[in-house]
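Try each task before reading its solution.

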Amino acid sequence: MDILNLPAIDVHAHYGDYTSDANAHAAWCMSGDAALVAERAKAARTQWTIVSALKGLFPRGRADACVGNDEAADVVPKTPGLLFYAIVNPLQPSSYDQARRLYKTNPHCVGLKFHPEEHRYPITQWGRPLFEFANELGAEKNASGNSGGGCVIKVHSGEQFSMPDDYIPFADEFIRTKTILANIGCGYNGTRDLQARAIQKSKRGNVYTDTSSMMSILPRNIEWTAKEVGADRVLFGTDTPLYFAAMQRARIDYAELPDAAKRLILRENAVKLFGDRLKPFLA
Ligand SMILES: [Zn+2]
């Protein structure tokens with residue numbers, strides 16, 4: 001099949017209103033409801049888009065993860081093409097129980113999302129309880145009785161509270177977790193190689209990264225990352241509706257990589273990583 005027609009799986013997306021500090025016009029540009037996200041995914045030949053509710057992440061330091069998760073649990077199953085992550089905020093302890101319930105009972109919930117920057121906590125300090133929790137879920141079965149053989153966590157990475165390196169000791173220790181260090185090329189200090197360098201330091205083969213950063217426009221960096229860590233560790237992500245889904249898709253379609261690597265990035269890695277949790281949706 002031509003790469004351009006390959007049904008992709010977008011492992012990093014959102015829906016809802018962008019409510020962080022930005023002027024009204026900029027915020028409007030980066031907002032989009034579930035229907036719009038699904039429509040743009042279709043235009044980008046994406047079969048499944050895994051979202052988390054922006055309401056559970058923004059505004060910075062003031063978001064209610066539980067309200068966002070409740071909304072996602074309702075809206076996502078009604079929107080063809082969407083699946084979701086349950087957001088866990090360790091500073092909002094009730095989000096643990098809610099995430100456990102969603103992960104166990106809602107088949108559309110396929111993993112967890114951590115965002116130290118928006119929720120304002122250093123991962124160095126809160127990584128242990130978060131990964132311990134994910135590790136526990138990684139041993140559980142979902143509503144269809146399937147076990148994914150480990151819980152997927154998609155984590156924001158690249159800023160002060162969320163340096164990719166700082167996740168590695170937890171990923172190494174908790175082997176029933178599979179961590180996607182989001183945003184290849186995101187580095188608050190101007191570095192573009194943080195995600196790849198962190199994967200290289202990890203010992204258990206359970207750390208991945210995604211292409212969702214706005215820095216994906218940078219030539220060479222996605223290709224360099226795939227070469228450094230292996231294309232089997234790189235997943236397609238768009239960060240839609242903050243960024244334009246079809247543009248992010250084109251970045252991979254036309255990447256300076258062999259077709260086999262593009263197939264892994266756009267789809268095959270996600271099929272494998274999410275395992276039995278994704279399987280019912282691929283039939
Ligand atoms: Zn994001």
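**Exercise 1.** Which residues of α6 are buried?

Some ground rules before the solution. Residues are numbered from 1 along each chain as its sequence is written. This is a predicted model, in which local features need pLDDT of at least 70, side-chain atom pairs count only at pLDDT 80 or more, and totals for chains, interfaces and linings use all residues.

*Solution.* Step one is to find the helix: α6 covers residues 123–137. Helices (H or I, at least four residues) and strands (E, at least two) are DSSP runs, numbered from the N terminus. Step two is to apply the burial rule: a residue is buried if 20 or more other C-beta atoms lie within 10 Å of its own, exposed if 12 or fewer, and partly exposed in between, with C-beta atoms placed from the backbone. The buried residues of α6 are then Ile123, Gly127, Leu130, Phe131, Phe133, Ala134 and Leu137. Step three is to look at the spacing: an α-helix has 3.6 residues a turn, so residues three or four places apart point the same way. Finally, find the partners: the buried residues of α6 pack against elements including α4 (94–105), β4 (109–114) and α7 (164–173).

**Exercise 2.** Where does Asp239 lie, and is Asp239 buried or exposed?

*Solution.* Start with location: Asp239 sits in the loop between β8 and α10. Then count neighbours: Asp239 has 23 C-beta neighbours inside 10 Å, so this residue counts as buried. Check the backbone too: phi of Asp239 is near 60 degrees, a positive value in a residue other than glycine. Pro241 lies in the loop between β8 (234–235) and α10 (245–253) as well, and a cis peptide bond joins Thr240 and Pro241, with omega about 5 degrees.

Methods: Bend = angle between axes of the 7 residues up to and from the residue. Contact = placed C-beta atoms within 7 Å.
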